[in-house]
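Hello,

Here is the structure for you to work with. My notes on what was found in it follow below.

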Amino acid sequence: MRKIIAVLYRDILNGLRDWLILYLAIAPLLIALIFRLVVPGVSDTNLNLVMKHGEDQQLVSYLDDFAKIEYVDSLEDIEERVLRMDDVFGVMTVDEKVEVITQGNERREMIDALKLLINRHCHSDVEVPINIMISDVGWGESPLKIEGANILILFTSVFGGMLILLNMVDEKMSNTLSSINVSTISRFEFVVGKSILGFILPIVGSIGALLILEFETINIAHLVITLLSIGLTSVVIGFAIGVYNDEPIAAIASMKGVFIPLILSVAGAIYLSDQLQVLLFWSPFYWAYQNINAILLNESSTYLIFRNSFNIFIISLAVFAILRKRIIRGFD
Amino acid sequence: MKKLLAVYINDLKLSINGLYFYIEVIMAVTFIIAMLVAIPDTFETSREYYLFLNLDQQNISHSLFEDFQDAIITNSREELELKLNENRNAVGIEITERSNNITLDIVLQGHESQSLRNFILAEIEASIIADSFGFIDIVDEVRLQDQPDSLSDRENILPIYLTINIALMGLFIIAAYIFLDKEEGIVKAYAVSPLGIWSYLASKAFVILTMGIVTSLVVVFSIMQFRVNYLLLTFLVLCFNVFGSALGILITSFYDSMIKAMEALYLVIMVMMIGSITYFVPAFNPIWIRVLPVYPMLFSFRELLLEQGNILYALQNAIIFLVLGSFIFIYASKRFSKSLSV
């Protein structure tokens, strides 16, 4: 145990000397902060319009209720604005009619909705035969914020593994691994000592990021279990790549090898239909995504968390079993 | 120039012998297989509707109900709310009828903004009026482009892959190269050789560029075959990759340890990735996001992949990034020459 702590202590000391640990702990918090500033803007915008100065005031104030309106001087300016990359529609009164100017590649539903809305305004004397009201069930978290927080946590946990990877490559490059091999510390103790930081930093970073994003009522125990299990995957990958490479290029390229399954798993979990989700069952990131999603939605049950974490654990073990020889050879 | 070519060929040979080359190839193949096998051409994004009919009599005859044929029927307001709490993407509708007075209550989750609520309310009112007798449509649509085309959902992922894999990953790899060679004293050796540090850096950047061009051509071809102008694609990849590598060299020049540089690069990439939100939510387009390099890169790739995309826009961005990348490269190699330590 003392030796494990010695390895950990040395890594912390190293990390503090070049501010690395502080940096690693702060990075997810910083991103969470930026994300927090971005989210309200994203969920607030549905419809962007561009109109001429001096357009019919009633129409303008009607559209202003649900659209963001930019004003320009001429029809040419409207067209120029509409043709730019983002989705902005031009609205202009021509005689008794109203023209909606589109580029042509916008979402059809949005164009139809806008036409309907303007028609509604122009027929404001017609009475709607039923009462319409809007209520809600009091759930304030936007889906974008939940997905964003989820991806941030996954990346943070993978970065724990990356820290080990970079540390190992560093050891390899400075030939300190051979010194470890002849010292009294056992290989197991060394591996555990090296891994601890890779587990702790993601936990600290993730909880901090979630607090910044105002997820205050989540089940922290469930989150920690999930982070520990996905941390195991990252650590196994980190060691497997790190211990074998004395050149950082391949190590960094392998990092891509971790990022792409992560992004594919998240995209698949969001977009694939229920029947096709089977295609992602091999990915530990998929199970971690499901866990974190349930945690952020306050829907996580102990059964669900343990079942998914068990899946991650089994997959990590399988990866380890495949790479075991490689890792051991790398140490020698 | 000849010497630079010799260094480049040497570096290329070395990297083909190294693991880096194989990892890149495996990654590209995995991506292609995932795209072709696992990712459907169009994504299902249907939203579930729950309906509760709170009626005096059970005679559902109003034309309004026809609009809700896909809805899942619930038996009470409590059950409706329960379903919404179970499925955070769902929307509920309660229709109340009391002595011929009909009330339509749209039950949302609660995170929707006021402008979105106004929008939904007005849209429903508008669609009811549009269905009513004697309605005259007075809104015309003017399309500025005749035959707009769009990418399928699967093809729409390509610009993201190209931007992350080709443009941004160069940042990491070049940093890794530099720290490796610093350990082995190669950087100093170049500094005293007639070639100079810049040719060392340029050769590394070219190796990464070569890998980037090859993998992007293979990936795009497997998914879009002959529908793309590959000459232009190569040019775009070249310009963005040069920019990425130059930025990587510049950031690296501020750090003395690989891990610290990686951290900085990681942060830079995460911030830049925020620019991709706009790619998926085109209505969200504040100016600060449009100036992040990722934004023009993503949209340039998209315009290039579209059959009638705005090639001028893509080319213009490519040239801007090439010029910018060259300046950054010159400045960064000056920094390296001065400090001699990386």
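Across the interface of chain A and chain B, 23 residue pairs are in polar contact, with both residues of each pair at pLDDT 80 or more. On the side of chain A that touches chain B, at least two residues each come from helix 2 (20-44), helix 4 (75-83), strand 4 (97-102), helix 5 (108-122), strand 5 (131-136), helix 6 (143-173) and helix 10 of chain A. Helix 10 of chain A gives the most to that side, with 14 residues. By residue class, the side of chain A that touches chain B divides into 57 nonpolar, 22 polar and 23 charged residues.

Please keep in mind that this is a predicted model. The predictor gives the complex an ipTM of 0.72 and a pTM of 0.77.

On the extent of the interface: 102 residues of chain A are in contact with 99 residues of chain B. The size of an interface is often given as the accessible area lost when the parts come together. For chain A and chain B, about 9300 Å² is buried between them, and 69% of that is on carbon and sulfur atoms.

Next, the charged pairs. Side chains of opposite charge can pair when their charged atoms come close. Over all chains the count comes to 16 salt bridges, and four salt bridges are found across the interface of chain A and chain B. One salt bridge joins Asp140(B) and Lys97(A), at 3.5 Å from N to O. That pair crosses between chains: Asp140(B) is in strand 5 (residues 139-143) of chain B, and Lys97(A) is in strand 4 of chain A. Another salt bridge is formed by Lys115(A) with Glu141(B), where the closest N and O atoms are 3.9 Å apart. With a cut-off of 4 Å for a salt bridge, the 3.9 Å of Lys115(A) and Glu141(B) falls within the limit.

As for domains, chain A is divided into domain 1 (2-39 + 140-331) and domain 2 (45-122). The C-alpha centres of these two domains of chain A lie 47 Å apart. Chain B is divided into domain 1 (2-40 + 152-339) and domain 2 (49-131), and the C-alpha centres of its two domains lie 49 Å apart.

Finally, confidence by chain. Chain A has a mean pLDDT of 82, with 93% of its residues at 70 or more. Within chain A, confidence is lowest in helix 10 (residues 248-271), at a mean of 74, and highest in helix 11 (residues 284-296), at 92. Chain B has a mean pLDDT of 81, and 90% of its residues reach 70 or more. In chain B, confidence is lowest in helix 6 (residues 186-192), at a mean of 71, and highest in helix 8 (residues 230-252), at 91.

Regards

Definitions and conventions: Residues numbered from 1 in each chain as written. Chains lettered and ligands numbered in written order. Heavy atoms only, no water. Domains from an automatic or database assignment. pLDDT = per-residue confidence, 0-100. Helix = DSSP H or I, 4+ residues; strand = E, 2+ residues; numbered from the N terminus. Contact = heavy atoms within 4.5 Å. Buried area = accessible area lost by both parts, 1.4 Å probe. Salt bridge = Lys/Arg side-chain N within 4 Å of Asp/Glu carboxyl O. Polar contact = N/O pair within 3.5 Å; in protein donor to acceptor, adjacent residues only side chain to side chain. Nonpolar A, V, L, I, M, F, W, Y, C, P; charged D, E, K, R; others polar.
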